[in-house]
Amino acid sequence: MGTKDELFKIFLLNEQQWISGSQLAERLKISRESIWKGVAALRRQGHQIESQRALGYRYLGTDHLDAAVIKMQTRDEFNGEIHTASSIDSTQNWAKQYLSSHQPSQPVAFLADQQTAGYGRRGRQFYSPQKTGLYFSLVLPHNPMSALPKIGLLTTGVAVAVGRVLKQTFPDHDFSYKWVNDIYMNGHKVCGILTEATLELESASSAALIVGIGINLSTVDFPAAVAQKAGSIAPEQTIDRNQLAARLLVAIMNVYGEYDSGKFLPEYRAHSMVLKRPVVLKIGNDEAVGKAVDIDDQGGLVLEFADGTKKSFISGEVTKVDLPGMTS
């Protein structure tokens, strides 16, 4: 590693702590001038480093996503690769391109400060402005010869993992799950989750899963098309996105290791915003209207219809909640 990288590693291990220039120079066996040049190079990359004559240097973090920072903050609890970009069309597309030439045996994360063509379910645009949200995709290797993944459980499991981290990070806010892939706060969508599978053509089975997550952290101005629906978690708060990303990666992998057990479902049900309410569920070009009465053991949404019959749906999109003329 060069001087800049060596300095960066020391700063990460001693974040928010003062380290004198002489200590750094002695540790790295270089001159004070070389330390100064290394610090200047890190600052040009967007790293915030405070300096005072009597104290030395103190690393305060960075306002852009950095793979090394994220990896360090996972504290070795995430064993996969991490890639970051300032701007990308879509982290989902980035992940798919990676899979076209790689066969990873460990998880791979792709994060961007901005997406110019981020998308969610049905290809809808996910507004992803620069540095006001957290946008990432996580490749989860899947053995093509094993059973097909239980997508309903995976998506609900990831939602719970993300929800747990958000509740820990923003303890004064209440978050709820809108089946199957959205997280809401104060009646507005603040997080979307998209699960896609890549296929192994020879076996026609899933070779890898890609989970895409977009979180509105401090975005203020949304496009007119989504302004009524979308919201931000903390518009006036400074958020350490690298630290948040690290926590999310660890939490998701912890759930992924046992998601097919469904042990998180009671937590998902307890914070559901659709249960016990009349809803419209869109499935392809069809719609089902009924009362959401349960999330079954496969993560499916159970609707009760006007005639008293019930049916479980493993896919679809809840487009309306609390319908006029129907009681909850």
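Buried means under 20% relative accessible area, exposed means over 50%, and partly exposed lies in between (1.4 Å probe, protein chains only). This is a predicted model, in which local features need pLDDT of at least 70 and side-chain atom pairs count only at pLDDT 80 or more, while totals for chains, interfaces and linings use all residues. Residues are numbered from 1 along each chain as its sequence is written, and side-chain values use heavy atoms, with hydrogens and water left out.

Q: How many salt bridges does the structure hold?
A: Side chains of opposite charge can pair when their charged atoms come close. A salt bridge is counted where a side-chain nitrogen of Lys or Arg lies within 4 Å of a carboxyl oxygen of Asp or Glu. The number of salt bridges in the structure is 14.

Q: What is the relative accessible area of K37, which meets E33 in a salt bridge?
A: K37 and E33 are four residues apart in helix α3 (residues 32-44), so about one helical turn separates them; helices (H or I, at least four residues) and strands (E, at least two) are DSSP runs, numbered from the N terminus. Their side chains meet at 3.6 Å, N to O. E33 is exposed at 52%, whereas K37 is partly exposed, with a relative accessible area of 48%.

Q: Which residue forms a salt bridge with R124?
A: The closest N and O atoms of the pair are 2.8 Å apart. R124 lies in the loop between β5 (108-112) and β6 (133-141), and its partner, 193 residues apart, is in strand β15 (residues 317-321).
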